[in-house]
Amino acid sequence: MSTLNLALMIFLLPVAAFAILALAHRRLPRHGDFLANGSMGLALLASIVVFARALAAEEPILVHWTFDWVPTSAARALQGGVLVDGVTAFMLVVVTSVSFLVYLFSVGYMKDDVRYGRYYASLTLFSASMLGLVLADNLLYLFVFWELVGLSSYILIGHWFERKSAADAAVKAFITTRIGDVGMLIGMLICYWKVGSLAYVDLFAAVSGENLFNAGSDVDWQTWAGVGLFFGAMGKSAQFPFHVWLPDAMEGPTPVSALIHAATMVAAGVYLVGRLFPFFTPEAFLFIAYIGAITALFAATIATVQDDIKKVLAYSTLSQLGYMMLALGVGGYVAGLFHLTTHAFFKAGLFLGSGSVIHAMHHEQSMSKYGGLGKKLPLTAATYLVCVLAIIGCPPFSGFFSKDEILAAALAFAQERGEHWFLAFSGFVTAFLTAFYMFRQFFLTFTGRPRDAHAYEHAHESPWTMTVPLVALAILALLAGGKPGWWFEKLIPPHETARTVRAYAAYHETAGGPLAPVVVQAAERLAPTEEHAPAAGDEAHAGAHGAHGLAMTLALSLAFLGVLVAAAAYWQRRDGATYLNPALIARRLRPLHTLLWNKYYFDELYGLIFVGMTLGVMRLMAAFDRIVIDGIVNFAGLFGKISAFVSGILDNWIVDGAVNGLAGLTSLSGGGLAQTATGRVRHYLLFVALGVIALSVLLFVAI
Amino acid sequence: MRPQSFLVVGEAPLGLEAYLLVAAILFCLGLVACAARRNAVGILIGIELLLNAANLNLLAFWRFQGGAMSGPDALDGPIFAVFVIILAACEAAVALGIVINLFYNFGTVEVDNINKLRH
């Protein structure tokens, strides 16, 4: 089967499953979950085939298929299409594998759920949208699937919408990502305006060489477009300051958190940046790097004091996403995307493991009620430990390799450009904190004495549908490593990317741009089989190697230190006590602890500013409507009332008066005239006589 | 000699006005009698007086307006007067018939009491 057909099948199978489930899940046995599982399993197999082909390919692009979508008056119609290259191939594997394992896990986890069928329909919708996003060849299709993914996230976060907190969280997620999407649309508009097309190939063509994008203009449109597009990634990947929705998104079911908010949807932003890597200017990259560094550090600090097991993982996800953005921002194309892959595996493993724990403890999520679960849930504990070691960056787990890449790139960059020391600093401190809070979580949950005896009694290991995915993810977390992902190196990155980045690097070298060395290094990484770039590239290359060693040593020691501190504070000795007392430390550092516990008060700040502003505008508008508009309408109505009143008077007094008066007059005159009808003949005679006299007078005298 | 006619027009010892005056007086008397009598027959007598006054007027005007000199057939005045007398007689007959009916129905001929057709 041709690769194009495979790619289309990978996309269309979940679509078909979604259609059937959405329309007819009630009529199917078990609400049709086997359809979802089956479609994703087949998609996974197909993705593996595509990936294998990508590994063995000679050309960077396997498939680029376009079709005329909307005929326009221009020479070329608006086209849509599918692009499959190395990046797409491994993303497909990541998405389908994690999706499949999450589907399997959900069979056990959501067994008695009230809306089981709808849940699976939404899951398949999500997977279909994510796969479409990955397969798209232009920004417009990407955006369509981007929004669809956001919609699926909304539906799934709000799965238990009876809970107000869940419904609010879903709305918060959707709206926050939407705000980022405004920036993304602006970026897309700039691209379309300057280039006339939104297809990746056209964009890359426009920016290669002599920087045609900004030709003849003062404004650095390319940077703005890049920043705009990155705003969309910030929203979707929950970077600072759009991070507020991700912790709240934990209101959704845990498998959803694993799939969407750890492995795939939040990775869409990273994927976007990776896809458009040749497009960003050094200034845009700097912005991306700083945002990523800030997010990584910021989220890691909050994670150290969280009590809810899922919130710790949520902030951990934020932090790791920050790492990915930092990596991409300093030019570490390989590092960022590789970390995306390993993170998908170990974070999904962590989330599903926490789901297993939550399931065992009957939906108790607070770690203060856990303890000693390692004995009751041995398999979960073992897989969880594997994933924790991966996220910390402990060799030989995969996380070690990806984190090492990132830290080396950041360090090299900081060494080149001393004023950006913060990027490296943030990376290393975050590594320490990551080790600390992850082991804190592990110790609190799985070791020591159980803190809630009743729940501990009832805890049991999960069924096979839940443990098998855990084991699978743990294995992937272990094996997806290698240096740097032997498979990653085998994938030839897109020609455009390499060529463009190199041309870009050359341009910036001659123009003396600040990021030139790093971009050149990235170019070197991307196309190792090509000829080396000029001397500047060699220096950067050597610099990167040196940084590698230093970064590795520093990272490992910091991670070890973090584990040590966590053990000191949370590992219980035989008598139940710990070496350090965390409660005491929290009390001593009360202000800091409160600040972290309240997430730096960002939710309150946003509520005050944005929600308050909106409510204020609402009140203003409501008052305006009530006072001014209604006043005018009522005033106009007053005229009606007055005229009705006057008309009433006219009618009652004048018209009726006239009519009644006439009638009265007639009656009176009639009554008066009837007085002459006395019935007496003599009177009548008199009248006749008088009449004759009057007539004769009139006739003969007056006239 | 001119033939003597007792219808001599010309100088008369009394003028037209005298006859008219008499007729007017008779008319007024008749009118008063008509209006001021209670008895129905009295009213009829009054009506007779009125008619006769009218007759006088007619004849006076015939005699003094030269109608008598127009020829032996110029009898407009007297003929008119004869008509009036005949009509008066008829009308008196009819009226007397009504009066008799009145008496039968009401038992009286006092017109003041016969006012059933009043308002």
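Select C387 of chain A: beyond its neighbours within four places in sequence, C387(A) is in contact with F346(A), G349(A), L350(A), G353(A), L473(A), A474(A) and A477(A). Contact here means that the C-beta atoms of two residues, placed from the backbone, lie within 7 Å. The model is predicted: local features need pLDDT of at least 70 and side-chain atom pairs count only at pLDDT 80 or more, whereas totals for chains, interfaces and linings use all residues. Residues are numbered from 1 along each chain as its sequence is written, with chains lettered from A and ligands numbered from 1 in the order in which they are written.

A residue is buried if 20 or more other C-beta atoms lie within 10 Å of its own, exposed if 12 or fewer, and partly exposed in between. Helices (H or I, at least four residues) and strands (E, at least two) are DSSP runs, numbered from the N terminus.

**A pair of helices in chain A**

Next, select residues 378–392 (α16) and 421–446 (α18) of chain A; the axes of these helices come within 9 Å and cross at roughly 170°. The axes are lines fitted to C-alpha atoms over the stretch in contact, and angles run from 0 to 180 degrees between N-to-C directions. Angles over 145 degrees count as roughly antiparallel, and α16(A) and α18(A) are therefore roughly antiparallel to each other. On α16(A), the contact includes Y384(A), L385(A) and V388(A); on α18(A), it includes M438(A), F439(A) and F442(A). The contact residues comprise 11 nonpolar, one polar and no charged. Ala, Val, Leu, Ile, Met, Phe, Trp, Tyr, Cys and Pro count as nonpolar, Asp, Glu, Lys and Arg as charged, and the others, Gly among them, as polar.

**Backbone details in chain A**

Move to the loop between α8 (221–236) and α9 (245–248) of chain A, where P241(A) is placed. A cis peptide bond joins F240(A) and P241(A), with omega at about 0°. The loop between α8 and α9 also holds A238(A), which has a positive phi of about 50° although it is not a glycine. A238(A) is buried, with 30 other C-beta atoms within 10 Å. Most residues other than glycine have a negative phi, and most peptide bonds are trans.

Then select Y601(A), in the loop between α26 (590–597) and α27 (602–674) of chain A. Y601(A), not a glycine, has a positive phi of about 55°. Y601(A) counts as exposed, with 12 C-beta neighbours inside 10 Å.

**Chain B and its interface**

Finally, colour chain B by element: three helices and zero strands are present. Buried residues make up 13% of its 119 residues. The mean pLDDT (the predictor's confidence in each residue, from 0 to 100) of chain B is 85, and 89% of its residues reach 70 or more.

Across the interface, 11 residues of chain B are in contact with 11 residues of chain A. Helix α1 of chain B (residues 16–36) supplies the largest share of the chain B side, three residues. That side has six nonpolar, two polar and three charged residues. The model scores ipTM 0.77 and pTM 0.72.

Terms used:
Parallel < 35°, antiparallel > 145°, perpendicular 65-115°, else oblique.
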